[in-house]
Amino acid sequence: MGEGRVVVVTGAARGIGRASAVAFARAGYRVAGADIAALASAAMDYEPATPEDLAETGRLVEEAGGEWLAVVVDQRDTAAIREAFARVVERFGGVDVVFANAGIQGFAPLLEMTDELWHDQIDINLTGTANVLRVAAPLLVERGGGRIIITSSTQGQHGTLDGSGYSASKWGLIGLMKSAALELGRYGITVNAVIPGLIDTKLTRHEDRYAQIIRSGGNEPTGDVERDERTAAEAQRRKLPLGVPWVEPEDVAPLVVFLASEEARMVSGTSFAATGGDSANVTA
C-alpha cells in the first residue's frame, strides 16, 4: 500500500504514535518518528516518553519491515521542526504523509489552573501541531500532493470537566484541520483528523485522569490509585456502548493508515473516530 512512501509520525515514542508507525511500516512506508522523548511539561502527572521509548518504536518499525529514522524534537520550536524535516528529506528524499499526533493532557478546574498547565497544552497541542503543518505543507506541495492527519480527541468535540485547556486545544485542532483542508486541497493534499477515545496509554493511565472520570460521574476520588483505577474503569465500561474501559492504540492506527492511503483520496476536511462508541454522545 505504501510502496516506499515516506511518513512522518510525531509523538512516535509510544501510544497511538508507536502503533501507527508500526502499522505504516507493515503497509510499506518508510517511517520517520519524531518525539520530544523527554519531559514536555512539569504540569503533567504522568511519566514522560524517553529516548528508550523512541528507540523501541524504531525497533518495532524495523521488525515490521520498515526503514526508520528517529528525530528528537520539541514541536514548540519551529526552527527545530524545520531542521527535523530537513533531516527526513535528506534521508528519504521527501515527505508524502504527515501524522501530527504529538500532545499532552492535564487536568485542573479553571479556578485552580496554573499558567503553565494552560499554556503548555495550548503551545504543544495546538500551536505545536500548527508548527508541524506550516513546515510540512510546502514539502507536500513540492511532492505534488500528500496526506496530513491530525490527532484530535472526543474532548475536542465537547466540553470537559476540569479539562478546559486540553479540550480547547483539541477543539482548535479540528478548526485547524478543516481550514488546512480548504487551503491545501488545490495542491492534491488531503487533511483529516482522527478522534481517539480514552486510549490505554501513559497519558491516560494515572490518578489525575481517573479522578476526572470519577468526578464527571458526580463522585469524588479516594486518592488510592488502584482503587480509583478500578472505579474509573467500571465507569467507562458503563458509559461506552462497546463495554470497554480503554481503547487500544492499535484500534486507532488502521484509521490513520487508511486516511494516508490512495483509497482515501476523496476524503478531506473530516474526522474519523475510534472511541468504543463514545462518539454516540457527540452531535456529529
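This is a predicted model: local features need pLDDT of at least 70, side-chain atom pairs count only at pLDDT 80 or more; totals for chains, interfaces and linings use all residues.
Does Gln105 count as buried or exposed, and at what relative accessibility? Residues are numbered from 1 along each chain as its sequence is written, and side-chain values use heavy atoms, with hydrogens and water left out.

Gln105 counts as buried because its relative accessibility is 2%; buried means under 20% relative accessible area, exposed over 50% and partly exposed in between, with a 1.4 Å probe and protein chains only. Gln105 is found in the loop between S4 and H4, where helices (H or I, at least four residues) and strands (E, at least two) are DSSP runs numbered from the N terminus. Its side chain and that of Gln155 are joined by a polar contact of 2.8 Å. Such a contact is a pair of N or O atoms within 3.5 Å; within protein, one must be able to donate a hydrogen and the other to accept it, and residues adjacent in sequence count only if both atoms are side-chain atoms. Beyond its neighbours within four places in sequence, Gln105 is in contact (heavy atoms within 4.5 Å) with residues including Tyr46, Gln155 and Tyr166.

Tyr166 leads on to helix H5, as one of the buried residues of that helix. H5 covers residues 164-184, and its 21 residues reach 30 Å from first C-alpha to last, close to the 30 Å expected at 1.5 Å a residue; the expected span is 1.5 Å times one less than the number of residues. Also among the buried residues of H5 are Leu173, Ile174 and Met177. The partners against which the buried residues pack are helix H4 (115-143), strand S5 (146-151), strand S6 (189-196) and strand S7 (271-274).

Asp96 counts as buried because its relative accessibility is 10%. The Asp96 side chain reaches the backbone nitrogen of Val6 at 2.8 Å, and a polar contact of 2.8 Å links it to the side chain of Arg143. Leaving aside neighbours within four places in sequence, the contacts of Asp96 also include Arg5, Leu140 and Arg147.
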